[in-house]
Amino acid sequence: MTGIILAAGDGVRFNDSAGLKSCKALNKINNYYLIEFALNNFVKLNVTEVYIVVGRFGDLIKEAISDNYKGIKIFYVEQPLRKGLINALDIALSH
């Protein structure tokens, strides 16, 4: 089974606790990145691969998650222009 996570937001309205620009996916709650909560649910569902659509903070997300998460193969797909969720989903589905 394949999963998709849309994480290409620019983080325009989001600031982390230190007041630095960041993205929601990399905000931590109880020592876990928010994106890890979605990935952990995919682990429970026996998902074997996940496509993460990334944008402005793509390099930081790739660094935090890598290409394998608890046995799930992670693929990163760049959304070059942020044109909304449907566009991001379309980009993921094209891969």
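User: How many bridges join S1 to strand S4, and how do the two strands run?

Analyst: Six bridges join S1 to strand S4 (residues 49-54), and the two run parallel. Two strands are taken to pair if DSSP finds at least two bridges between them. Strands (E, at least two residues) and helices (H or I, at least four) are DSSP runs numbered from the N terminus. As for the source, this is a predicted model, in which local features need pLDDT of at least 70 and side-chain atom pairs count only at pLDDT 80 or more, while totals for chains, interfaces and linings use all residues. Residues are numbered from 1 along each chain as its sequence is written, and side-chain values use heavy atoms, leaving out hydrogens and water.

User: Which residues are bridge partners in S4?

Analyst: Gly3 has Val50 as its partner in S4, and Ala7 has Val54. Helix H3 (residues 85-93) packs on the sheet and touches S1, S4 and strand S6 (72-78), with a direction about 140° from that of S1. Touching, or contact, means heavy atoms within 4.5 Å; the axes are lines fitted to C-alpha atoms, for helices over the stretch in contact, and angles between N-to-C directions run from 0 to 180 degrees.

User: What is the strand order of the open sheet?

Analyst: The four strands come in the order S1-S4-S6-S5, with mixed pairing. Strand S1 (2-7) and strand S5 (68-69) are the edge strands, each pairing on one side only. S4 is also joined to S6 by six bridges, again in a parallel run, and there Val50 stands opposite Ile74.

User: Why is S4 described as largely enclosed?

Analyst: Start with the cut-offs: buried means under 20% relative accessible area, exposed over 50%, and partly exposed in between (1.4 Å probe, protein chains only). Five of the six residues of S4 are buried, so the rest of the structure largely encloses this strand.

User: Which residues have the most contacts inside the largest nonpolar core?

Analyst: In soluble globular proteins, nonpolar side chains tend to be buried together. A nonpolar core is a set of buried Ala, Val, Leu, Ile, Met, Phe, Trp, Tyr and Cys residues joined through side-chain atoms within 4.5 Å. The largest one here has 18 residues, and Ile5, Ile35, Leu39, Val50, Ile52, Ile61 and Ile74 have the most contacts inside it. S1, helix H1 (34-44), S4, helix H2 (58-65) and S6 each give two or more residues to this core. Leaving aside neighbours within four places in sequence, Ile61 is in contact with residues including Ala7, Cys23, Leu26, Val54 and Tyr76.

User: How many aromatic pairs does a search of the whole structure find?

Analyst: The search finds two. Tyr32 and Phe37 form an edge-to-face pair, 6.0 Å centre to centre with 65° between the planes. The rings of Tyr51 and Phe75 have centres 4.9 Å apart and planes at 20°, so that pair is stacked. It links distant parts of the chain, with Tyr51 in strand S4 and Phe75 in strand S6, 24 residues apart. For the cut-offs, rings of Phe, Tyr and Trp (its six-membered ring) pair if their centres lie within 6.5 Å; planes under 30 degrees apart count as stacked, over 60 as edge-to-face and the rest as tilted. Tyr51 is buried at 14%, whereas Phe75 is partly exposed at 29%.

User: What lies over the face of Phe75?

Analyst: Lys73 does, at 5.4 Å from the ring centre. A charge sits over a ring if NZ of Lys or CZ of Arg is within 6 Å of the ring centre and within 35 degrees of the ring normal. The charged end of Lys28 likewise sits over the ring of Tyr33, 4.8 Å from its centre.
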